[in-house]
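Have the structure open as you read.

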Amino acid sequence: MKRSTFSLILITLLFLAGLFLALTVLSPRVEADAATVDAANELYASGHYAEAIQLYEGQVTRGVQDSALFFNLGNAYFQQGDVGRAVLNLERAAQLNPRDADVATNLALVREQTTELFAEDAVGPLAVLADATDWMTENETAVVVLAFWFLLGLLILARSQVKSGKVRKAVQIGLVLALALLLISGASLASRAFLEQTQPSGVVVSPTVAVSDGPGAEFVTEFTLNGGTSVNFTETQGEWVRLAVPEGAGENWLPMESIESLATLPQTLS
């Protein structure tokens, strides 16, 4: 294959990757209504938490995905004594801004009043890969993956053009490093997406809930969870959801109504 043909193919692939990013990762966002949020903030500051929650929830219903909105909503629920929904919304804030110190501090404070179910947030080896980039949002991770993809392509192109031995060796080292980082970040992103589909996260929003060994009220109660407990689930059966648990822990089922999905765009468990 001629170098010019190879370069054209490479440029085409890079362009398609950039187009894919523009169509998927950089999708338009629903902006919060500033006047409504300001009014909610004033209600919160004056101690009218229920009224503030109503305004914040209205923005969430509109499809607004904003870390500050979920942070304020979570704090308002905590002031109302609703630990479950406080954790739910602070977790959503952390998803959208995982490096925010205030979110992390408040989330840790609220979690002190919850039950730690299992040491793992998600079950299986893929959780290790997913955690490799948990300090970034999924969109940020996707941008990093694309950046390494571009860098790898440019280094491959440079390697085909460079003739100097020392420069060529340096390019080859950079190529290996770029490939390794691309594989790690790409595998982490893929693992996060896969776990979201197979073991989606949720939070117990009921004050307490009994965990049964089967999908029904007639089954034996194994233990009880407090509101605010973070869980992962693997399937639904009727009005019940099955928790993702370490191997050997048996079956653990919760009523669907006791859990709310952690997805930043709230959705019905199905």
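**Helix α4 and its neighbours**

In this predicted model, helix α4 (residues 67–79) and helix α6 (residues 101–111) have axes that come within 11 Å and cross at roughly 25°. Because angles under 35 degrees count as roughly parallel, α4 is roughly parallel to α6.

**α4 with α6**

- The crossing in which α4 passes α6 is left-handed.
- On the α4 side, Ser67, Phe71, Asn75 and Phe78 take part, and they meet Asp102, Val103, Asn106 and Val110 of α6.

**α3 with α4**

- Helix α3 (residues 49–61) also packs with α4: their axes come within 9 Å and cross at roughly 145°.
- Here too the crossing is left-handed, with α3 passing α4.
- From α3, the contact uses Tyr49, Ile53, Tyr56, Glu57, Gln59 and Val60, while α4 supplies Leu69, Phe70, Asn72, Leu73, Ala76, Tyr77 and Gln79.
- The residues of the contact of α3 with α4 divide into nine nonpolar, three polar and one charged.

**A look at Phe194**

- You will find Phe194 in helix α9 (residues 165–198).
- Is Phe194 buried, partly exposed or exposed? Phe194 has a relative accessible area of 45%, so it is partly exposed.
- Between Phe194 and Ala130 there are 9.3 Å in space, C-alpha to C-alpha, although the two are 64 residues apart in sequence.

Terms used:
Residues numbered from 1 in each chain as written. Predicted model: local features only at pLDDT ≥ 70, side-chain atom pairs only at ≥ 80, totals over all residues. Heavy atoms only, no water. Axes fitted to C-alpha atoms, helices over the stretch in contact; angles between N-to-C directions. Helix = DSSP H or I, 4+ residues; strand = E, 2+ residues; numbered from the N terminus. Parallel < 35°, antiparallel > 145°, perpendicular 65-115°, else oblique. Left-handed = near helix turned anticlockwise from the far one by under 90°. Contact = heavy atoms within 4.5 Å. Buried < 20%, exposed > 50% of the residue type's maximum accessible area, 1.4 Å probe, protein only. Nonpolar A, V, L, I, M, F, W, Y, C, P; charged D, E, K, R; others polar.
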